[in-house]
Amino acid sequence: MKLVMVIVQDKDAVHLLDGLLARGLRATKLASTGGFLREGNTTLMIGIEDERLEEVVQVVRATCRAREQLVTPLAPLGGGSESYVPYPVEVLVGGATVFVLSVERFEKV
Ligand code: 2BA
């Protein structure tokens, strides 16, 4: 068994959940915050049998897309500078960040 942790933009989370549930896949939705942008995103935990792992990844690919977002860094991305003037830069966020973990034991009590 695997535990898939998927970090997605809030805009995509509803479609991803719908896609998973439509296929009988179970998920837990967590409200999370990106460390870089400090904005809300969504983390889904999905417990899945090994043979259905690719199905989960396909649903993620089909429902999550990358978007450009403007961000004004509080400090220069490349290191410190005394004459730093903040200006907005574009970063590409998503579609999804996917971690696949092996599950040693799974029980429902
Ligand atoms: P954030 O940390 O808020 O990052 C949002 C986007 O900002 C990232 O998109 C990336 O394009 C950019 N970014 C992040 N750190 C950067 C840096 N030091 N310099 C320049 N640009 C930077 P994604 O890569 O698609 O990540 C989306 C969200 O997924 C992240 O939100 C974070 O919550 C999570 N994430 C990504 N990689 C992760 C990792 N290795 N471990 C844990 N969480 C991760």
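Modeller: Arg52, with a relative accessibility of 24%, counts as partly exposed, a class that lies between buried (under 20% relative accessible area) and exposed (over 50%), as calculated with a 1.4 Å probe and the protein chains only. The model is a predicted one, in which local features need pLDDT of at least 70 and side-chain atom pairs count only at pLDDT 80 or more, while totals for chains, interfaces and linings use all residues. Residues are numbered from 1 along each chain as its sequence is written, and side-chain values use heavy atoms, with hydrogens and water left out.

The side chain of Arg52 meets that of Glu55 in a salt bridge, at 2.9 Å from N to O, where the term requires a side-chain nitrogen of Lys or Arg within 4 Å of a carboxyl oxygen of Asp or Glu. Glu55 is likewise partly exposed, at 27% relative accessible area. By this rule there are four salt bridges, among them one between Arg67 and Asp12, with an N to O distance of 2.9 Å. That pair joins distant parts of the chain, 55 residues apart, with Arg67 in strand β4 (residues 67-71) and Asp12 in helix α1 (residues 10-22); such elements are DSSP runs numbered from the N terminus, with helices (H or I) of at least four residues and strands (E) of at least two. Both Arg67 and Asp12 are buried. A further salt bridge brings together the side chains of Arg105 and Glu107 at 2.3 Å, N to O; here Arg105 is exposed at 66% relative accessibility, whereas Glu107, at 46%, is partly exposed.
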